Amino acid sequence: MAKSGPPPIVFILLFLLLAGGGWFFFLNKPASPDANNTPTPTPAGGAVAPPLAPVVGGTTPVAASTFALPASVAAGTAVRIDGSTSMVTINQNLKNGFQGRFAGTTVDAKANGSAKGIQDLVAGTADIAAISRPLTAQEQGQGLAAVPVALDTIALVVGINNPFKGRLTSAQVQDIFTGNAQDWSKVGGPAGQIKVINRPEVSGTHQTFKEQVLGGGEFGTASNITTLDRDATTPLLQALGNNGIGYATFAQVANQKTVRVVPVNGATPDAGNYPYKRQLYYAYKNPPSQAVKDFLGYATSSEGQKAMLAGN
């Protein structure tokens with residue numbers, strides 16, 4: 001007698017069960033990452049990645065750009081910049097390069113200090129603020145963002161005829177600017193009062209100097225320390241005379257014939273181990289206008305970087 005097998009309905013139910021399980025697995029399978037769909041991580045705080053930036057007086061880049069070099073810029077495009085006196089040379093070089101590259105564009109570059117640049121940016125009377133310090137949390141809360149454009153060094157300078165011909169240590173620099181050392185003989189030079197020329201508090205370079213050189217401490221208030229009323233490098237250099245010392249962004253003094261740069265810890269500002277370095281930024285209001293995008297795209301491109309350091 002022939003063996004009787006399971007009824008056909010059993011095979012049908014088994015097939016449906018297997019098919020349903022496979023379909024469930026397919027729908028719930030985790031998506032595998034691929035080159036086209038993997039999202040790019042966003043830096044902390046939602047900040048954009050910093051652009052490639054040259055070292056003022058050097059060649060080391062710091063990161064990759066998020067602003068693209070425009071193929072063309074509409075004639076009549078105007079960009080207003082105000083801010084750090086440390087960025088006068090950079091601003092002027094980028095102005096010349098941008099206007100030369102894109103016919104019919106204008107760049108108005110002023111230098112009334114980092115604080116004034118931020119004020120003008122918030123007020124809408126500037127499109128870009130050139131600043132020699134990072135944005136504060138309060139400024140970011142006002143809708144401002146910033147991109148690094150160059151890594152700068154702060155140089156210590158004396159008059160070309162100053163009898164002090166030596167070098168200083170970081171500790172000696174602190175002593176000079178806090179008023180603990182008021183005579184050149186205290187730091188290895190011939191006897192004579194040290195005249196200290198300080199920048200005003202509104203200066204971004206002043207603030208960076210306090211943080212990096214004085215460890216967040218205060219400048220001295222001794223009678224040999226003079227604080228300028230206006231943040232400008234030329235008057236500072238003129239005030240040095242034969243016994244003064246001051247500080248400025250290296251790009252502004254590297255080619256000066258009336259002053260000498262003082263090595264610190266045995267290094268000059270163009271050396272990799274020089275201790276006083278800071279980032280320079282362009283700040284803008286979010287979202288950036290097309291003119292701002294165009295200018296920052298040029299400023300952070302390889303072409304803009306070359307123009308930025310022209311003559312340095």
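Are α2 and α9 roughly parallel or roughly perpendicular to each other? In this predicted model, the axes of α2 and helix α9, which spans residues 290-299, come within 10 Å and cross at roughly 110 degrees. Angles of 65 to 115 degrees count as roughly perpendicular, and α2 and α9 are therefore roughly perpendicular to each other. Their crossing is right-handed. On the α2 side, the contact is made by L94, G97, F98 and R101, and on the α9 side by D294, F295, Y298 and A299. Sorted by class, the residues in the contact of α2 with α9 comprise five nonpolar, one polar and two charged.

Helix α9 is largely enclosed by the rest of the structure, because eight of its 10 residues are buried. The buried residues of α9 are A291, V292, D294, F295, L296, G297, Y298 and A299.

In soluble globular proteins, nonpolar side chains tend to be buried together. The largest nonpolar core of the model has 28 residues, and those with the most contacts inside this core are I81, L94, I128, Y282, F295 and L296. At least two residues of the core are supplied by each of β1, α2, β3 (128-131), β4 (144-159), β9, α9 and α10 (302-308). Helix α9 gives the most to this core, with six residues. Another core, of 25 residues, lies apart from the largest one and includes L156, A181, L214 and Y274.

The loop between β1 (78-83) and α2 (88-101) contains T85. With a relative accessible area of 4%, T85 is buried. Residues up to four places away in sequence not being counted, T85 touches A111, G113, R199, D231, A232 and Q252.

In the loop between β8 (259-261) and β9 lies N265, where phi is near 55 degrees, a positive value in a residue other than glycine. Residue N265 has a relative accessible area of 44% and is thus partly exposed, as this class covers values between 20% and 50%. The loop between β9 (277-285) and α9 holds P287. The peptide bond from N286 to P287 is cis, with omega near -5 degrees.

Key. Residues numbered from 1 in each chain as written. Predicted model: local features only at pLDDT ≥ 70, side-chain atom pairs only at ≥ 80, totals over all residues. Heavy atoms only, no water. Helix = DSSP H or I, 4+ residues; strand = E, 2+ residues; numbered from the N terminus. Buried < 20%, exposed > 50% of the residue type's maximum accessible area, 1.4 Å probe, protein only. Contact = heavy atoms within 4.5 Å. Axes fitted to C-alpha atoms, helices over the stretch in contact; angles between N-to-C directions. Parallel < 35°, antiparallel > 145°, perpendicular 65-115°, else oblique. Left-handed = near helix turned anticlockwise from the far one by under 90°. Nonpolar A, V, L, I, M, F, W, Y, C, P; charged D, E, K, R; others polar. Core = buried A, V, L, I, M, F, W, Y, C linked by side-chain atoms within 4.5 Å.
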